Amino acid sequence: YSQAAVVDPRAQGAGVGRELKYAQAASARAIGARSMRWTFDPYALRNAHFNFAVLGAYGIRFLPDYYQEGASTAYSCSGTWTGRPGVTCPRGARRW
């Protein structure tokens, strides 16, 4: 499971996130994994494009309270929506 691969805003758009995901995939393959899974913020359209169009991931489930399991609302204390789509990128996908 890939968790929190974050790129500093000053380095975004330079391929750093892509290289991070490729390195994660290489590490996963090295230990025999057949796929990688992760979540992302669906309101960050750039992230959605990156995960689906660039990496070739696809949705497998929706996690409504990802950061607040059992919470009565899908929003954090700061008002940020915490629902996340769960995606996977299996071997044989565009960038696996």
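The chain's secondary structure consists of two helices and three strands, where helices (H or I, at least four residues) and strands (E, at least two) are DSSP runs numbered from the N terminus. Along the sequence they follow the pattern α-β-α-β-β. This is a predicted model, in which local features need pLDDT of at least 70 and side-chain atom pairs count only at pLDDT 80 or more, while totals for chains, interfaces and linings use all residues. Residues are numbered from 1 along each chain as its sequence is written, and side-chain values use heavy atoms, with hydrogens and water left out.

Of the 96 residues in the chain, 31% are buried, meaning under 20% relative accessible area; exposed is over 50% and partly exposed lies in between (1.4 Å probe, protein chains only). Among contacts (heavy atoms within 4.5 Å) between residues at least 6 apart in sequence, 58% join residues at least 24 apart.

N51 belongs to helix α2, residues 45-54. N51 counts as buried because its relative accessibility is 4%. Apart from neighbours within four places in sequence, N51 touches W38, F40, G56 and A57.

G59 sits in strand β2, residues 58-63. With a relative accessible area of 48%, G59 is partly exposed. Setting aside neighbours within four places in sequence, G59 is in contact with F52, G86 and V87.
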